[in-house]
Amino acid sequence: MNMSNIKNIAGAPDAVFQGRPFELSALVRDNIKNLAPYSTARHEFTGKASVLLDANENAYGSPLEDNFNRYPDPLQWQLKFAIAKIKGVPAENIFIGNGSDEVIDICYRVFCDPAKDNVIICPPTYGMYEVSGNINDVEIKKVNLTPDFQLDVPGILNAVDAHTKILFICSPNNPTGNNMNRADMEILLNNFPGIILIDEAYINFSKQKTFIQELTEYPNLVVMQTLSKAWGLAALRLGLCYASLDIIGLFNKVKPPYNINEASQQLALEALQHTEQVNSWIKEVVAQKSFLTGKLLKLSFVEKIYPSDANFILVKVKDAVSLYDYLAKNEIVVRNRSREIYCENCLRITIGTPEENAHLLKIIKAYD
Ligand SMILES: Cc1ncc(COP(=O)(O)O)c(C=O)c1O
């Protein structure tokens with residue numbers, strides 16, 4: 001691993017920096033290394049096929065107009081080629097999960113031995129890193145963000161032990177909305193001895209550059225994005241993941257054979273042709289975010305709105321529970337994040353359509 005940035009880390013422990021080169025196989029669970037994956041009927045046959053009698057499907061058809069009687073492509077190549085074209089990353093470096101949550105779970109299952117290994121998360125952050133760890137019986141080490149919601153780099157490196165396998169970084173972060181400093185992430189990529197999963201679910205709204213172009217630079221990097229946010233396809237459950245060929249190979253070994261259904265694959269392929277529509281929504285969301293922020297800041301009970309590079313804002317108010325209840329009574333649902341560290345009395349509000357935002361403002365003004 002490149003150790004050139006070590007001098008930048010104040011107070012980091014020497015013990016972490018053994019200068020050992022990154023070795024993927026040392027991080028992978030033995031049972032996964034030795035796993036013979038399930039081989040689907042469609043994996044095993046590669047020639048030209050005109051009669052498919054290999055998978056016990058209904059050869060007569062399905063009651064639906066589209067042909068859903070055949071199992072889908074287990075590796076979703078058409079969809080991956082379309083994503084590769086948009087993102088400028090080879091299709092072979094892409095893995096698609098049934099939502100990002102499947103990618104998180106697969107990361108745990110590939111790298112972490114239950115009841116033995118641990119991961120590091122940086123609260124306040126996306127809740128599934130912890131829940132998925134708990135489901136997999138993997139210890140969660142928490143190294144809180146700094147009070148200005150940035151990574152505590154020495155704290156993270158101090159928390160590493162021989163069983164630390166994954167560091168989860170969310171940028172832009174949910175629920176705070178800010179980007180992590182890129183230089184801090186680079187220091188960690190150069191020095192953290194395990195896998196770093198950078199969750200870029202909100203990257204389309206961000207001024208920050210994605211890390212998906214850095215896969216050759218950092219063999220320990222896994223980048224996650226999703227079609228659930230800017231792309232407007234939350235119901236299809238499509239989480240995207242970019243990593244080295246070796247890591248993608250491990251994920252493919254562990255995933256359920258047909259984790260992405262045919263309807264989702266087809267509909268996503270169609271949606272990916274509409275980049276202009278998506279880009280114009282992103283612009284509108286960013287404009288609405290600054291409009292809503294300006295209006296909310298004028299209200300007496302709004303104490304602070306944190307700068308956001310995402311499609312939501314974190315709003316600190318005088319009494320979050322009371323405002324949450326008031327909005328709920330008026331059929332407006334926001335997220336109360338008050339129990340998260342540094343988020344006392346904070347509500348997370350997604351940026352809606354101009355009409356929804358105007359309605360929110362009308363209702364919220366009456367609370368004042
Ligand atoms: C940071 C972050 N990552 C991932 C997800 C989940 O994405 P998906 O719908 O792809 O499972 C969310 C959803 O809120 C999120 O905030």
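The report below takes up the ligand, then the cores, then the cysteines of this predicted model.

## The ligand and its surroundings

The ligand has 13 residues around it, and those that come nearest are Asp 199, Tyr 202, Thr 226, Ser 228 and Arg 237. By type, the shell around the ligand divides into 4 nonpolar, 5 polar and 4 charged residues.

For Asn 174, the distance from a polar side-chain atom to a ligand oxygen is 2.7 Å. In Tyr 202, an N or O atom of the side chain is likewise 2.7 Å from an oxygen atom of the ligand. For Thr 226, the distance between a side-chain N or O atom and a ligand oxygen is 2.6 Å. Taken alone, the ligand would expose 400 Å², and the protein buries 90% of that area.

## The nonpolar cores

The largest nonpolar core contains 80 residues. Leu 151 and Leu 296 are the residues with the most contacts inside this core. Beyond its neighbours within four places in sequence, Leu 296 is in contact with Val 302, Ile 305, Ile 313, Val 315, Leu 361 and Ile 364. Another core, of 33 residues, lies apart from the largest one, and its members include Tyr 108, Ile 166, Phe 168 and Ala 243.

## The cysteines

A disulfide is a covalent bond between the sulfur atoms of two cysteines. How many disulfides does the count come to? The count is 0, with a cut-off of 2.5 Å between sulfur atoms.

Cys 112 counts as buried because its relative accessibility is 1%. Cys 241 counts as buried too, because its relative accessibility is 0%.

How values were computed:
Residues are numbered from 1 along each chain as its sequence is written. This is a predicted model: local features need pLDDT of at least 70, side-chain atom pairs count only at pLDDT 80 or more; totals for chains, interfaces and linings use all residues. Side-chain values use heavy atoms; hydrogens and water are left out. A residue is near a molecule or strand if one of its heavy atoms lies within 4 Å of it. A polar contact is a pair of N or O atoms within 3.5 Å; within protein, one must be able to donate a hydrogen and the other to accept it, and residues adjacent in sequence count only if both atoms are side-chain atoms. Accessible areas come from the Shrake-Rupley method with a 1.4 Å probe; for residues, only the protein chains shown count as cover. Ala, Val, Leu, Ile, Met, Phe, Trp, Tyr, Cys and Pro count as nonpolar, Asp, Glu, Lys and Arg as charged, and the others, Gly among them, as polar. A nonpolar core is a set of buried Ala, Val, Leu, Ile, Met, Phe, Trp, Tyr and Cys residues joined through side-chain atoms within 4.5 Å. Buried means under 20% relative accessible area, exposed over 50%, partly exposed in between (1.4 Å probe, protein chains only). Contact means heavy atoms within 4.5 Å.
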